[in-house]
Amino acid sequence: MDQAVYAHSTDNASTNSYNVTNSHNNVINVNNITPDEGPENMLWLSPLDPVRRHQDVRIDRLDGVGNWFLETNEFREWRSGEGGADKAVLFCYGSPGAGKTYLR
Amino acid sequence: MIDDLYDERGEEDTTIAMFYCDFRDQQAQTAINIIGAILKQLAVRCEVLEHLRSTFQKAKREVGSRGLRLPDMVQMLKQAVVALPRVFICIDALDECLPKHLLELLRSLKDILGAAPRTRIFLTGRPQVEAEVTRDFAARLMVPISPRRHDIKRYLENKLEMDPEPMAMSDGLRVDILTFIPERISEMCVGASAVPIQCMVLH
């Protein structure tokens with residue numbers, strides 16, 4: 001990822017505090033936060049950090065496991081984008097522990 | 001799979017965002033927070049980041065204390081996705097989302113797909129969330145996931161290689177482990193997708 005695009009703008013750095021509400025009211029309050037955070041934080045968009053979880057999955061995953069999935073017609077059709085909206089969604093389902101998270 | 005999308009994108013201008021649902025974080029994993037987390041990942045692109053900032057400033061001026069609501073966040077994600085040539089959104093373990101949040105999340109994704117049909121959406125979950133996925137995405141591709149024999153064997157080999165007490169393992173037992181466990185587990189899992197069998201070897 002190109003860190004250069006994370007550069008903070010110089011205007012309107014009025015406050016460094018932020019106030020992201022919890023799930024109960026489903027609203028993110030923009031009054032006490034600044035848009036000038038880099039995307040690595042950007043708590044005004046979301047307090048969640050899925051990239052960290054992705055790194056954990058990558059570390060745990062074994063090379064070669066789940067390669068079969070990449071050869072399926074469904075995956076290829078979906079990735080190619082040639083099917084338009086009809087093939088825009090790929091749903092992989094399976095029992096707990098079947099390996100859905102660790103598909104190669 | 002996400003790594004493969006990165007590796008195979010070649011010259012194509014592709015942006016990938018992912019999210020892992022987790023039952024331990026259900027309260028915080030609302031639709032608005034998940035959509036926001038996806039937006040954060042798209043904001044590595046200058047064109048998206050600048051647009052987000054201006055939308056943020058506008059919202060701050062116009063809505064006062066109301067704050068950003070889910071429709072505002074979905075609108076921002078739509079604009080971000082439309083501005084980019086190709087976007088993949090991958091969301092793991094839908095079944096770990098609270099039903100209320102899952103419904104809002106899937107509706108939001110449907111809305112985004114309507115605005116940008118080239119977007120690719122990858123979803124995983126237990127079989128019981130199929131009805132929810134089908135409700136919003138009547139046209140979708142589906143793949144049943146079960147551990148393959150090769151995958152189980154590869155996993156076991158790795159575990160045996162990392163065994164801190166290798167001297168406690170006889171050659172015969174090692175052969176038996178690598179022979180029988182992959183056979184038994186793949187037999188148990190294939191064709192039993194509705195049965196909650198814990199195929200722990202792929203954890």
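Colleague: Are A:Trp78 and B:Phe122 buried or exposed?

Modeller: A:Trp78 is buried, and B:Phe122 is buried too. This is a predicted model, in which local features need pLDDT of at least 70 and side-chain atom pairs count only at pLDDT 80 or more, while totals for chains, interfaces and linings use all residues. Residues are numbered from 1 along each chain as its sequence is written, chains are lettered from A and ligands numbered from 1 in the order in which they are written, and side-chain values use heavy atoms, with hydrogens and water left out.

Colleague: What makes A:Trp78 count as buried?

Modeller: Buried means under 20% relative accessible area, exposed over 50%, and partly exposed in between (1.4 Å probe, protein chains only). A:Trp78 has 0% relative accessibility, and therefore counts as buried.

Colleague: Which residues are in contact with A:Trp78, leaving aside its neighbours within four places in sequence?

Modeller: Contact means heavy atoms within 4.5 Å. Among the residues that A:Trp78 contacts are A:Lys87, A:Val89 and A:Leu90 of chain A, and B:Met1, B:Leu5, B:Arg86, B:Phe88 and B:Leu141 of chain B. The side chain of A:Trp78 also reaches the backbone oxygen of A:Ala88 at 3.0 Å.

Colleague: Why is the pair of A:Trp78 and B:Phe122 called tilted?

Modeller: Rings of Phe, Tyr and Trp (its six-membered ring) pair if their centres lie within 6.5 Å; planes under 30 degrees apart count as stacked, over 60 as edge-to-face and the rest as tilted. The rings of A:Trp78 and B:Phe122 have centres 5.7 Å apart and planes at 55°, so the pair is tilted. This pair crosses between chains, from helix H3 of chain A to strand S3 of chain B. Helices (H or I, at least four residues) and strands (E, at least two) are DSSP runs, numbered from the N terminus.

Colleague: How many aromatic pairs are found over all chains, and what makes the pair of A:Trp68 and A:Phe69 edge-to-face?

Modeller: The search of the whole structure finds seven aromatic pairs. For A:Trp68 and A:Phe69, the ring centres are 6.1 Å apart and the planes stand at 85°, so this pair is edge-to-face. Both A:Trp68 and A:Phe69 are buried. Ring pairs link A:Trp68, A:Phe69, A:Phe75, A:Trp78, B:Phe88 and B:Phe122 into a cluster.

Colleague: What is the span of helix H5 of chain B, and what is expected?

Modeller: The expected span of a helix is 1.5 Å times one less than its number of residues. H5(B), residues 99-115, has 17 residues and reaches 25 Å from its first C-alpha to its last, close to the expected 24 Å.

Colleague: How do you know that the buried residues of H5(B) line one face of the helix?

Modeller: The buried residues include B:His101, B:Leu105, B:Leu109 and B:Ile112. Seen down the axis, the buried residues of H5(B) fall within an arc of 160°, so they line one face; the arc is that of the directions from the helix axis to the C-beta atoms. On the other side, B:Pro99, B:Lys100 and B:Gly114 are exposed. The cover over the buried residues includes strand S3 (89-93) of chain A and helix H2 (31-42) of chain B.

Colleague: Where is B:Ala93, and is this residue buried or exposed?

Modeller: B:Ala93 lies in the loop between S2 and H5 of chain B. B:Ala93 has a relative accessible area of 7%, and is therefore buried. Although B:Ala93 is not a glycine, its phi is positive, at about 65°.

Definitions and conventions
A polar contact is a pair of N or O atoms within 3.5 Å; within protein, one must be able to donate a hydrogen and the other to accept it, and residues adjacent in sequence count only if both atoms are side-chain atoms.
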